[in-house]
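Please look over the sequence and the structure below.

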Amino acid sequence: MATRLRPDVTLTPTDDGAVVLDERSGRYFQLNRTGLLILQSLLEDRTADEIAADLGGRFPVTAARARSDVDRLHESLRTAGLVTG
């Protein structure tokens, strides 16, 4: 299933990453640049393995750590009700 922002969630890029607004609750969430890269990649229907490989090419991080970071952020976004899929 593709990852999508919920209809009542707004993503606004900033100089340091992004701010995500849950319009239902009025809560704001902040993503750093790496978090924004991961979220944008998820929204582009890239797989966790593809995103992890991209992170490994950009940053000094092992493939396992990059994959763990992708999975952890994706789960956090789902748990917060910001994305589906």
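In which sense do strand β3 and β4 pair, and over how many bridges? Strand β3 (residues 17–22) pairs with β4 in the antiparallel sense, over 6 bridges; two strands pair if DSSP finds at least two bridges between them. This is a predicted model, in which local features need pLDDT of at least 70, side-chain atom pairs count only at pLDDT 80 or more, and totals for chains, interfaces and linings use all residues. Residues are numbered from 1 along each chain as its sequence is written, and side-chain values use heavy atoms, with hydrogens and water left out.

**Sheet**
- The open sheet has 3 strands in the order β2-β3-β4, with antiparallel pairing; strands are DSSP runs of E with at least two residues, helices are runs of H or I with at least four, and both are numbered from the N terminus.
- Its edge strands, β2 (9–14) and β4 (27–32), each pair on one side only.
- A18 has L31 in β4 as its bridge partner.

**Helix packing**
- Helix α1 (residues 33–43) packs against helix α3 (residues 63–79) at an angle of about 75°, with the axes 10 Å apart; axes are lines fitted to C-alpha atoms, for helices over the stretch in contact, and angles run from 0 to 180 degrees between N-to-C directions.
- Residues G35, I38, L39 and L42 of α1 meet D69, V70, L73, H74 and L77 of α3.

**S41**
- S41 lies in helix α1 and counts as buried, at 2% relative accessibility (buried means under 20% relative accessible area, exposed over 50%, partly exposed in between, with a 1.4 Å probe and protein chains only).
- Apart from neighbours within four places in sequence, S41 is in contact with R46 and I51, where contact means heavy atoms within 4.5 Å.
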